[in-house]
Amino acid sequence: GSNGNPKLPNSLHYVNLHDDTFKNTYQLCIEAVGRIVIEYDTDKRVPVNGFGGKVKDPITGVYSPVSDCFPFSKEEAVGVEGIMDLYKKTMKNVMLSGPTNLATVIRTATSHAIQAAETHLNYTIQLIITDGDINDMSKSIDAIIDASPHPISFIIMGVGSGDFTNMHILDGDDALLSQNGKTAERDIVQFVHFEPGMNPTTLAQQVLHEVSECYEFSDEFSH
């Protein structure tokens, strides 16, 4: 909800119904960063979720309570183009809302990563795009600490001109995240402030900077 009404030009989610070539800040970020990370996905199929929204029932037209993590589709998106299409379709049926909570998104992705690695040598990269507003900082830190032993990394892309102090904290560059007597096993978060028109090479270097942090699969998966 902190992004503003998507029908108004001052919203980062603004959708121009009269210009199909127009891309808002989120679309530009999805496209630019998506093309970087999709190259590491063998089947190019991506589950896409949203957070901080009320989803409209296609039959009744009634909006759900605000959800901290809702799927854009029952099917995975195919490639960056598929993600972009899902975004446009979903924005027509979602009412943006607060609070902005990340913990559920983080834990959902971690659960997916654990399942994906059970039978194959899979490593999950979760891309999160946010304007920086967050209302569950403590729970998000706990979720990242709990995720750190597992085969997953989080790339948080900040869009807009908001306060990204909390995102820098989650990045944990100065020290591994620690809270309530627990410390993360690895630094699994990379935060990048996205600006439209960024040099592609520079963007790729920043996005992938910490994804290669050491992770060892268990012996049963090692070759």
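User: Leaving aside neighbours within four places in sequence, which residues is Lys23 in contact with?

Analyst: Contact means heavy atoms within 4.5 Å. Setting aside neighbours within four places in sequence, Lys23 is in contact with Leu28, Glu31 and Met84. This is a predicted model: local features need pLDDT of at least 70, side-chain atom pairs count only at pLDDT 80 or more, and totals for chains, interfaces and linings use all residues. Residues are numbered from 1 along each chain as its sequence is written, and side-chain values use heavy atoms, with hydrogens and water left out.

User: With which side chain does the side chain of Lys23 make a polar contact?

Analyst: A polar contact is a pair of N or O atoms within 3.5 Å; within protein, one must be able to donate a hydrogen and the other to accept it, and residues adjacent in sequence count only if both atoms are side-chain atoms. Here the partner is the side chain of Glu31, at 2.8 Å.

User: Is Asp142 buried or exposed?

Analyst: Buried means under 20% relative accessible area, exposed over 50%, partly exposed in between (1.4 Å probe, protein chains only). Asp142 is buried, yet has no salt bridge. A salt bridge needs a side-chain nitrogen of Lys or Arg within 4 Å of a carboxyl oxygen of Asp or Glu. Lys182 is the nearest side chain of opposite charge, 4.7 Å away. Lys and Arg count as positive, Asp and Glu as negative; His and the chain ends are not counted.

User: How many residues does the largest nonpolar core have?

Analyst: In soluble globular proteins, nonpolar side chains tend to be buried together. A nonpolar core is a set of buried Ala, Val, Leu, Ile, Met, Phe, Trp, Tyr and Cys residues joined through side-chain atoms within 4.5 Å. The largest has 29 residues; Met157 and Val207 are among those with the most contacts inside it. Another core, of 25 residues, lies apart from it and includes Phe154 and Phe191.

User: How many aromatic pairs are there in the whole structure?

Analyst: Rings of Phe, Tyr and Trp (its six-membered ring) pair if their centres lie within 6.5 Å; planes under 30 degrees apart count as stacked, over 60 as edge-to-face and the rest as tilted. A search of the whole structure finds three pairs. One of them, Tyr14 with Phe22, is edge-to-face: 5.5 Å centre to centre, 70° between the planes. The rings of Phe164 and Phe191 have centres 5.4 Å apart and planes at 40°, so that pair is tilted. Both Phe164 and Phe191 are buried.
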